[in-house]
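Reader: I have a chain to look at and want to know how its parts pack. Can we go through it by question and answer?

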Amino acid sequence: MELRPLGKTGAAVSEYALGAMTFGAEADETASHAMLDRYLEAGGNFVDTADVYSDGASEEIIGRWLDRTGRRDEIVLATKARFRMGDGPNDVGLSRLHLRHACEASLRRLGVDTIDLYQAHCWDPATPLEETLAAFDELVAEGKVRYVGVSNFTGWQLQRAALLGCRRGQARVVTLQPQYSLLVREIEWELVPLCLAEGIGMLPWSPLGGGWLTGKYSREERPSGATRLGEDPERGQEAWDRRNTERTWAVVDAVSEIAGALGVSMAQVALAWVTQRPGVTSTILGTRTVEQLDDNLGAAGLELDREQVARLDEVSDPGLPPYPYGFIEEAGEERAELRPV
């Protein structure tokens, strides 16, 4: 697997990360440990989890695997905090109080002294950003965290975090973990250019659109059975009624045609497209079984050619909202030849 820098740092991570959201929920401990073993065998070194995944069980499963195998130094270990972990008023959010408790709890569950990448799981409107960044900086200074990142931030939120960290000389935000796939490209309006300008590495989650891009669903019938949408058709961003659109099926058809031409799976094509996008550091794989992981790992080394990328870009283009993005794009057309490369 190709190695890439973790944002603007000297740390190297594999182009595909193993996401542990399924650990303790859709994958039991035996299956989770088998996926960790297989992922490292394939050359991966980047494992991402969160305290809220299975209410802490995901971190505990990883911790027991680390204790059993002794392979802590072989991986870059990432986790996240922000969502509710208890019934108390301070068991949620990005306050200094909650982040301190959350970090120490994650360290205990993982059985490690230091978290390599500690991330804010989502923006917290109730906590001043200055407080969150100061708390992160303290954890880095104490050696409990090496690098900090954020997930699910808007453009202005991420830009403010970058500027505040620089101005105050605090530990800077080195990564953004956004939802990004052929079905979700709106981050290209602001977040992608911002990450490129600031040297913030992107760690896309849900690169397969919650399974939509694997070919498991069809126009003719609502999903059923042992799939994520079959078990929960109203599943958040991936809900059947939300994504059952002509644009979605046009994207699925294009992915299927390219996969057939290349002799690979649809999942591998969709993963390769995301991983080849500008600014992407590592694409997060979320699998239930070793078999699914093996198929996903087949995307490593798969390079889509210019024509294939152009086809996927065109069919998946969500278009620009008329204002301000469309207006700005039109106003800049006559200056296009002078844009910096």
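**Packing, helix by helix**

Author: Start with helix 10, which is mostly covered: 10 of its 10 residues are buried. Buried means under 20% relative accessible area, exposed over 50%, and partly exposed in between, with a 1.4 Å probe and protein chains only. Helices (H or I, at least four residues) and strands (E, at least two) are DSSP runs, numbered from the N terminus. This is a predicted model, where local features need pLDDT of at least 70, side-chain atom pairs count only at pLDDT 80 or more, and totals for chains, interfaces and linings use all residues. Residues are numbered from 1 along each chain as its sequence is written, and side-chain values use heavy atoms, with hydrogens and water left out.

Reader: What covers the buried residues of helix 10?

Author: The buried residues of helix 10 include Met266, Leu271 and Trp273. Contact means heavy atoms within 4.5 Å. The cover includes strand 1 (3–5), strand 3 (16–19), strand 10 (283–285), helix 9 (246–262), helix 11 (290–297) and helix 12 (306–316).

Reader: Which residues touch the most other members of the largest nonpolar core?

Author: A nonpolar core is a set of buried Ala, Val, Leu, Ile, Met, Phe, Trp, Tyr and Cys residues joined through side-chain atoms within 4.5 Å. The largest one here has 95 residues, and those touching the most other members are Phe46, Ile62, Tyr118, Leu158 and Leu312. The largest share of this core, eight residues, comes from helix 10 (residues 266–275).

Reader: Which residues does Phe46 touch?

Author: Leave out residues up to four places away in sequence. Phe46 then touches Leu6, Val13, Ser14, Ala17, Leu18, Tyr39, Val76, Ala78, Leu117, Leu203 and Ser282.

Reader: Is helix 9 roughly parallel or roughly antiparallel to helix 12?

Author: Axes are lines fitted to C-alpha atoms, for helices over the stretch in contact, and angles run from 0 to 180 degrees between N-to-C directions. Angles under 35 degrees count as roughly parallel, over 145 as roughly antiparallel, 65 to 115 as roughly perpendicular and the rest as oblique. The axes of helix 9 and helix 12 come within 9 Å and cross at roughly 165°. That makes the pair roughly antiparallel.

Reader: Which residues of helix 12 make the contact with helix 9?

Author: From helix 9 come Arg247, Ala250, Val251, Ala254, Val255, Glu257, Ile258 and Leu262. Helix 12 supplies Gln308, Arg311, Leu312, Val315 and Ser316.

Reader: How are helix 4 and helix 5 set to each other?

Author: Helix 4 spans residues 129–141 and helix 5 spans residues 155–168. Their axes come within 10 Å and cross at roughly 55°. The two helices are therefore oblique.

Reader: Which residues of helix 4 meet helix 5?

Author: On the helix 5 side are Gln157, Arg160, Ala161, Leu164, Gly165 and Arg168. On the helix 4 side are Leu129, Glu130 and Leu133.

Reader: Is Ser206 buried or exposed?

Author: Ser206 sits in the loop between strand 9 (201–202) and helix 7 (228–231). Its phi is near 55°, positive in a residue other than glycine. At 13% relative accessibility, Ser206 counts as buried.

Reader: What does Ser54 count as?

Author: Ser54 lies in the loop between strand 4 (46–48) and helix 2 (57–69). Ser54 has a positive phi of about 55°, although it is not a glycine. At 26% relative accessibility, Ser54 counts as partly exposed.

Reader: Is the peptide bond from Tyr323 to Pro324 cis or trans?

Author: Pro324 lies in helix 13 (residues 322–331). Omega for the bond from Tyr323 is near 5°, and the bond is cis.
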